[in-house]
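Student: I have a model open and would like to go through it. Can you take me through the numbers?

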Amino acid sequence: MDLAKKTQQLNDRLNYIKDIFAGKHQDDITLLESRLNEFKDNAAENVEEAVATLDDLFGFMEKKLEAKLTPMDKVRIVRHPQRICLKDILENVYDNYTEIGGQDEHTNDPAVLIARAYITRRYGKKTYNQSVMVIGHEKGHGEEFRNGGSAKPWGNAKALHYMHVAETEGIPVHTYIFTPGGDPVEDYPGAGQQIAKNIYEMAGLSVPVVALISEGGSGGAEAFGLADKRLMLSHGYYSVISPEGAAAIEGRLKRGERASAELTEQCAKNLHLTAQDNLSFGYIDKIIQEPLLGARPYHYDFFRTLRQEIIRATDEIMLEANGFSLFNFSKLRRLQDPETNLDETYVRWHIKRKRRSDLIEQRQNKFMRMSRKTYINRQSILGALSDTWAEQWREVYNRLVYDFYHHQRKHYRRLWEEIEGEWLSIKQKTAKPFKDAYNKVRRIDPAAEEELTTLSKWDDESSRNSAWKWVSPKAKEDRAVTCPNSAVHGCVDLWAPDLYNEFAGVCTNCGHHFKMEYQWFMHNCFDENSIYEFNNEWEAGNPLKFPTLDERLKEAREKTKLKSGCITYEARIDGIKCVVAILAAPFRGGSVGAAEGAKLISAIDRARRKRYPLIIYSHGTAGIRIQEGTHGVIQMPRVTIAIRRYMRAGGLYLVLYDTNSFGGPVASFLGCAHYQFAMRSSNLGFAGPAVIKNTTGIDVPPDHHNCYKALSRGHIQGVWDRRDTRTNLKQALLTMGGRNLYYR
Amino acid sequence: MLDITSLLEEIKQRPYTDLSIKTPHTGIIEFTDLNEGDKVKDASGEFKEIPGTKIAVITREKNPRFIHACQKGIIQKLHKQYDKQFVEAGVEIGVLRHFLSKEEVISILLQKALHLFRAPERAKYYFAPEADKKIKISGSRSITVTDGMELFIVSRMKREVPLTYHGPEGIIYQVYFKHNQNVDVNEPLIGICPPDQLQTIEDVISRVNHEWKEQI
Amino acid sequence: MEKQHKVLIANRGEIAVRIIQACCKLGLKFVAVFTQEDVHSGHVKLAKELGDDKSLYCISSYHDANEILSVADAAEATAIHPGYGFFAEDFRFARRVTERDRPLIFLGPSWRVIRELGDKINTKRIARSLNVPTVPGSDRPIYDESEAEKIARTLFDFQLQQGVEKPLVLVKASAGGGGMGIEEIHDIDLFRSVYRRIRNYAMRQFKDDGVLIEQRIKNFNHLEVQIISDRSGKNPVHFGTRNCSIQSTGLQKRIEIAPGFDPKTIQYTFDAEKVLNDIIEHSLALARKVNYDSVGTWEWIVTKEGNPFLMEVNTRIQVENGVSAAISKIKGKGGVDLIAEQIRTGLGEPLGYTQSDITFDGIGIEYRLIAEDTDNKFTPWVGDIENFTWEKAPWLSMHTHIPHVTKENPYTIPTEFDPNLALGIIWGPDLETAKQRGKEFLNNLVIAGSNAQGQSLKSNIPFLLKNTDRILKF
């Protein structure tokens, strides 16, 4: 035995313990340290024995400390440079692999690693090499260029590309989530936008996906996370936000300030981010037990366990998706027996072509079933029942009307149009000589002359100079308001009653859009008295019992007279019926939690059932409501799946951003829309400037998230003037709609 | 020939400028707790996004606005007699002593070293489109001007007329006017460096870079 | 007046001087404002002479309503006179003045009237509803191509029938203004392409693709009717007509004459007397209809055939108000001051006289004296005025904001504002005398100066002299 090596190992173990407990359990650590030093100083006579004793002592202490692990300790474990990384897994879990997404720093994004790998299984006398596409974050063991596993937009795009490759090749995808979060600096096509695309595409990937979460940091995790089976390492975390980030928000810290250790520890606990928490919520399928104090590269036993679990998960998806034949059933039984060595069994990793859509549907349903009881429905049972009935009836009605009746009618109409066209052209040809002769005799019609000089009839004269139907209360104050661009554009101060009423909050000189209430959009952009709100009894709750959230929700309810940050209603624009959802900024920053997610899904489904276009107006959203933890995060894939189902069924989905829109919603169901527009002067992106500064240390220019920047990046399709919102919506419905859209 | 040494000595005798802080418009003025002798900062941050030190608040039509320091320096004087009073536009509320930076010293010396082409009348000045394009792409020093060259557009009373350059041939070393701002008659518009003077100019710059110590 | 009023003058130059004088005449306090550029202007000097310690304030801009109102509060003004230009026809400013927490009186029409008559389509429709003649063509935005073409076609036929040799039709964006989005066509075959161009332009520029189609009238005289009414809006009276046909190439007025025609000495191809009476009656009818409650000017064009068409209503006091006053008498008394009348009635006093109390006598000519190069597209001349003198005469009144100047103490013409230097108003018992006095005035007028390049001042005196011969001739 190499003594120096052993000493070094023990030293590493000690330092690791010191690091992850960050100054706690000092007695235990001092004891270990002194024993180790004694051992180092006095070359013992019986080295073997001394090492064994020390080893035992370390083992004992690690076991003792394991029991005392707090959620924050786990966060530190996950972030430790000694923690296993994707490369270790590739080396130890798979039998062979080739990196295809670049090598080390020679890639567009070293934080994302892609490999084609295979697992060798022996069954009877036969050997099977089962190919998989391995996609994951690579934190490395402290290499700077890995960017800590924070993927850039093009890293996520690369991952998505290889998911599609796997789809073409018909091989399963294994994703490994080792990320503190996506890199927040905006670049083509937008940090959030690419994550949204990944989620949207993964929701429809026709090959099995197994995801393993070690460090699941918010949006970055979701980019790889929409999987058929979601496994999680016992010492990992899966959270809406880093505990430091949560502490910064909870402590209302300014740019650059750091939260105290106690507050961070407290937040880690309150966020319920551990594997055990997430299993109980139902957001992961299984926990993979790690060695004491977390897996490190030398824990070879652990890699064997991991290999078995990865194979098992993949096998299970295959068997479930291919249907339960008697044969499959017995295989499944065997799989579930922990004693079985899966290396010596065989399940073919292939899904029949006709079964692929079932696989997708199963995956989607799995997510749609999640987080159902995490908000409050104040609706009476009777009301809920009648709603359910109405929904069922709609489904049947639409099948009849759209799928059957319209189909037939279209056919006949086309025929009629052709006949009519033919007849008209004949008529014109024969009438032409007569018409020409008539036109040659020019006469002045006295009536026409009168028309030129006397008052004409004008039916919608009243529509000219018409006032806004809804006027902001800010227009009641007699005061001047300074335009933020006044220094650059020389804008004169505006009078609030002009600005917030007639000018619709727009600076008449430079066009800057001041913030307006969501009611402005709600009441000035749709036909009069056409708004019918639904699900307004659904109320945002506090599923994690996060301290003080109840009081803050109560305050928000009183202030805004809303029950959640999402308003859903049906309305008409020039007679075109549509379903609209608003994320209202005044209610807890427009953040999205379980209630908002459920309301959105319900609205999306309603639009799908009723064949209406869908408009989501982000009046402003700060992101996922962090106090709901993963109950909030899970809304990202859930709502995106609902959107995907709607769009795949032919629905027209428009997104309109206003004020400030950031975080999870932008990185999922908003960002995945094909048609996204932004109100002038709005900001949108993945993370705000303060978060970027805190996580990356980079100062971004003040206009980094400006809507025009987003337009240049290719995130959105256009920037709208608030005063033209109604016209633009109408225009969008007409030009982006068409025969295939529901409202036709 | 330019006597850099004595010019520099002269500036060193008075290494600052006193800037008058004026009200941008009418309103009721209220001073912050800043006092005479206090240091103030100008706009900072990588993008100058953090405004300078607040000197006073001026409230007009119920709309308070800060008056920020536009240069760093020391508050020399504050006219606190105006505190909480209504003031007219353009009233001096204080004096800021700004210590010259290297760039500013260079600029002062250059004004003496360069051939200055001055505004013939009070108006707004722009570069003629051709020159403007070149300047925007590769900077003013890419342009060599010659006597009789049509270089500017003079804009006043909503009318624009061309203006030709008269003077020695050389490159435009410095531009003194800003877009959309009136230039008074006889104020310099551009500083021209004739080719044979280039050495002198470089000397000025290196001398200042060596000898000038910035205060605060 | 029960209350001691204080009038803030939200203007500069000549009109500010006139308003200060009118306030003093009425025994009212006043507040004047000025910007740094105007520190040597005559209105500042006068305000110092006639005002108290709260009568003059320096502001950052005449265009900033916040400055005006903040001074109004500080100086405890009770009313605001906008003069002409700046805020004179801004209904939002008028609304803000009267609806703010500390309301003031806006010395002009009520903001609703300004808004109503500020919209040309609206004015045209009100006029038509009263059978007031307007330019032939559409009186509402046309959105339909075939309808637009039909109107254009009838307009061509209509003009041919009226004896117009080369008929012209204007296509303009209904939401536009200020000469933007207007095109002229002389042939109906060009209509569609022009129409589409304007429509697309309007859609892009104003988000409204409505167009107006009107006859383009060439060769006309520009006439005006001066109206005044008190706050009741019930009994408007007129102070006669003016002819403002002598203009610069940029269509700015240079000479105004009251009354609009002189059928006693000049032969017209139409019944000029009747035309004048008609436009006065039409203007009054419209004023009654909208309850017009201040001074205002109804602008007309009169074709060579003697057909008048209402163009627009200027809801303000105009530069040329003095020339109408010069030929008017109220209850037999001269020295009429329309600005003072506007202030007096604006503050709530009833008019106190009727139309029959107003009589007219003689001819008035107003010359606008401007430093400009009339041979070179009326380019403004900028520099220092070193000498400015004229011969006083009982038949002459001069209005200027230029202070007393000498070579050593010149006045620099500010570059930011209208280039008007002075108004010279001449009165004569008949046209011939008036013209003669006008020439005498112009010949004796001295205005000299130089600019930085040493070039001497260019004034429009030669232009005014030359055009004096053709006044009131069609």
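Predicted model: local features only at pLDDT ≥ 70, side-chain atom pairs only at ≥ 80, totals over all residues.

Student: Start with chain C. How many helices and strands?

Tutor: Chain C has 13 helices and 23 strands.

Student: What box does chain C fill?

Tutor: Along the principal axes, the C-alpha atoms of chain C take up roughly 65 × 55 × 50 Å.

Student: And why does the radius of gyration of chain C agree with a compact globule?

Tutor: Because a compact globule of 474 residues would have a radius of gyration near 23 Å, and chain C has 23 Å.

Student: How much of chain C is buried?

Tutor: Of its 474 residues, 60% count as buried.

Student: What share of the contacts in chain C joins residues 24 or more positions apart?

Tutor: Counting contacts in chain C with a separation of 6 or more, the share is 68%.

Student: What about charges on chain C?

Tutor: There are 59 positive and 63 negative side chains in chain C, with the centres of the two sets 2 Å apart.

Student: Now chain B. What is in it?

Tutor: Chain B comes to four helices and 16 strands. Its C-alpha atoms fill a box of roughly 55 × 45 × 30 Å along the principal axes.

Student: Buried fraction and surface?

Tutor: In chain B, 41% of the 216 residues are buried. The accessible surface comes to about 11800 Å², and 50% of that belongs to carbon and sulfur atoms.

Student: Contacts and charges for chain B?

Tutor: Of the chain B contacts between residues at least 6 apart in sequence, 71% join residues at least 24 apart. Chain B carries 30 positive and 31 negative side chains, and the centres of these sets lie 5 Å apart.

Student: On to salt bridges. How many over all chains?

Tutor: The count comes to 100 salt bridges over all chains. Side chains of opposite charge can pair when their charged atoms come close.

Student: Give me one in chain A.

Tutor: A:Glu99 and A:Lys87 form a salt bridge through their side chains, at 3.2 Å from N to O. The pair links distant parts of the chain: A:Glu99 lies in strand β1 (residues 96–99) and A:Lys87 in helix α5 (residues 86–93), twelve residues apart.

Student: Is A:Glu99 buried or exposed?

Tutor: A:Glu99 is buried, because its relative accessible area is 17%. A:Lys87 has 22% and is therefore partly exposed.

Student: Which residues are linked in a network of salt bridges?

Tutor: C:Glu224, C:Arg242, C:Lys253, C:Glu256, C:Glu299, C:Glu320 and C:Arg368 are linked in such a network.

Student: Change of topic: where is A:Ile616?

Tutor: A:Ile616 is in strand β15 (residues 614–618) of chain A. Its relative accessibility is 0%, so A:Ile616 counts as buried.

Student: What is A:Ile616 in contact with?

Tutor: Beyond neighbours within four places in sequence, the contacts of A:Ile616 include A:Ala581, A:Leu600, A:Tyr653, A:Leu656 and A:Phe669. As for A:Gly651, it is 35 residues from A:Ile616 in sequence and 13 Å away in space, C-alpha to C-alpha.

Student: And C:Arg96?

Tutor: C:Arg96 sits in helix α4 (residues 91–99) of chain C. C:Arg96 is buried, with a relative accessible area of 4%.

Student: Which residues is C:Arg96 in contact with?

Tutor: Leaving aside neighbours within four places in sequence, C:Arg96 is in contact with A:Ala480, A:Trp495, B:Glu61, C:Ala65, C:Asn66 and C:Leu69.

Conventions:
Residues numbered from 1 in each chain as written. Chains lettered and ligands numbered in written order. Heavy atoms only, no water. Helix = DSSP H or I, 4+ residues; strand = E, 2+ residues; numbered from the N terminus. Rg over C-alpha atoms; globule rule 2.2 N^0.38 Å. Buried < 20%, exposed > 50% of the residue type's maximum accessible area, 1.4 Å probe, protein only. Contact = heavy atoms within 4.5 Å. Lys, Arg positive; Asp, Glu negative; His and termini not counted. Charge placed at Lys NZ, Arg CZ, Asp CG, Glu CD. Salt bridge = Lys/Arg side-chain N within 4 Å of Asp/Glu carboxyl O. Areas by Shrake-Rupley, 256 points an atom, 1.4 Å probe, with all protein chains shown as cover.
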